[in-house]
Amino acid sequence: MTKKELGDWQTPVELARAALGVVARRGPTPAVVLEPTCGEGSFLVAAAERFRRAALVGYELNERYAATARDRLPPKRARVTVADFFRVDWDRALADLPEPILIAGNPPWVTNAALGGIGSTNLPEKRNFKGLTGYEALTGKSNFDVSEWMLLRLLEALQGRRATVAVLCKTAVARRVVELATAKRWSVRPGGLWRIDAMRHFRAAVDAVLFVCDVGGDAPTDARWPRYAALDAELPTASMAVVGGAVVADADALERTAHLAGSSDPEWRSGLKHDCARVMELELQGRRWVNGLGEEVAVEDHLLFALMKSSDVARGGTPRARAVIVPQTALGEDTSRLRQTAPRAWHYLSTHRERLRARKSAVYRGQPDFAIFGVGPYSFAPWKVAVSGLYKRCAFSVVGPRRDKPVMLDDTCYFLPFASEEEARSACEALRSPIAQDFFAARIFWDAKRPINKALLQKLDLAALLTATAGRKKEKKFPDRVDLAEPRVSPPRQGSPKRPGERTRR
Ligand SMILES: C[S@@+](CC[C@H](N)C(=O)[O-])C[C@H]1O[C@@H](n2cnc3c(N)ncnc32)[C@H](O)[C@@H]1O
């Protein structure tokens, strides 16, 4: 099997030592340390140094790695078995172990979808997966991380035992495991999540943590899962919790901002979606509008609007010399009227009809020619408060008209429409306020694919926020711009809208 199939990125021993340092600070001292996918044995080596009396048990698929691990460990205390995780009877394997048990390690970071894409069989049998926990039904997702499955399998097998689990995994995996264990009322107690620099240790652009939980005793209620910025951090930055069946990022901030939870009015909208930038978007070159095919385009001015994209919004709301053709004023509007009302646009769009008809997204099926989405009266509101959905920061900008015409946003942005500048400015100022920042911090997981999304924004009751900030506004002017972003272990690549996971080499 390939490195990718096996999720094979060996942990540097210093990282394993630091991770076990966290475990040792919490106690108790384990009687046995088990590494279920031990590779060349870094965790077991670190465990041998740290817990001098503990038995060491490793399982690993790769024979060569298992042999290396064996060579690195004190033979009297260690047993390393070549085995496929998915074929080990974990109930039996754990039954023989003395307590307290420590399961430590770094299970493979690969998703079943990625494995499916390369025809790999390094997966649990479908039958087992479904039988395990009803997990699929709970999340409604068929894509899962292999490490998530492994962790759930081990936690299930550990029920009734006294154990600690401490593994390196994606933050999203830790979150889902906490969510599922809570739903299942398993005895799985915090622990915590200690952020690690996955880029530095594994060259992986992904949010990752040391996830630690304890098993034993009653299932916890209202558990708080402290989140630490680094393995050596003494105080947590926030505490995650499961509220109403869903994980929240910061339980204290959630409580502090409960009075703002509701539904935004006006509604947050997505920008225009057309899926044919080369035809629909134009750039000003000198005095001429030119499309993405290099053609000069002269369509009626009333269909042409300045266009802002995520990068413009993230820069603080300054549009580039870019325009978009808006052939409809409402969803599904008949475009054949353009023949009379805008003959030059009609001619231009007709010339590119086939290109527009070839748009892949199913939403265009059965729609009039040249149809676009995300269009309605709100698109033509002169004032907007916008935020980028691509960037990992909650930076709101006021977008005003250009040459007396509303500016359009593309579908990577979200916005609130306003009739007046005053309304837009006070909404934007309120959204930049510390209390709004707190509201979002409670609910945003920055490692999610699109942490800023319509559902999140819509949860903030704008009227309640305006009331809450009205008094404070008089006392103190809020900053012009607030970038709400999680502190990072390593500095982000400047201006990159890419999301973790997209660049991962793991
Ligand atoms: C991310 S590496 C970590 C290795 C080791 N735990 C460490 O921390 O250095 C994942 C390991 O899982 C092993 N592995 C992958 N699939 C496995 C399976 N089905 N059963 C057992 N081991 C597996 C790989 O060979 C690899 O050594």
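Author: Arg-185 counts as exposed because 11 C-beta neighbours lie inside 10 Å; the cut-off for exposed is 12 or fewer other C-beta atoms within 10 Å, for buried 20 or more, with partly exposed in between and C-beta atoms placed from the backbone. The model is a predicted one, in which local features need pLDDT of at least 70 and side-chain atom pairs count only at pLDDT 80 or more, whereas totals for chains, interfaces and linings use all residues. Residues are numbered from 1 along each chain as its sequence is written.

Arg-185 sits in the loop that runs between helix H9 (171-183) and strand E6 (189-196); helices (H or I, at least four residues) and strands (E, at least two) are DSSP runs numbered from the N terminus. Its phi is near 55 degrees, a positive value in a residue that is not glycine. Most residues other than glycine have a negative phi, and most peptide bonds are trans.

Arg-203 also has a positive phi, of about 55 degrees, without being a glycine. This residue belongs to the loop between helix H10 (198-202) and strand E7 (208-215). Arg-203 is exposed, because 12 other C-beta atoms lie within 10 Å.

Two cis peptide bonds may be examined next. Gly-27 and Pro-28 are joined by one, with omega about -10 degrees, and Pro-28 lies in the loop between helix H1 (13-26) and strand E1 (32-35).

Strand E12 (residues 281-285) pairs with E13 in the antiparallel sense over four bridges, and Glu-283 has Val-290 in E13 as its bridge partner.

Leu-282 has its place in strand E12. Leu-282 counts as buried, because it has 24 C-beta neighbours inside 10 Å. Leaving aside residues up to four places away in sequence, Leu-282 touches Trp-289, Val-290, Asn-291, Val-297 and Ala-323, contact being C-beta atoms, placed from the backbone, within 7 Å. Gly-294 is twelve residues from Leu-282 along the chain, and their C-alpha atoms are separated by 9.5 Å.

Methods:
Two strands pair if DSSP finds at least two bridges between them. Two residues are in contact if their C-beta atoms, placed from the backbone, lie within 7 Å.
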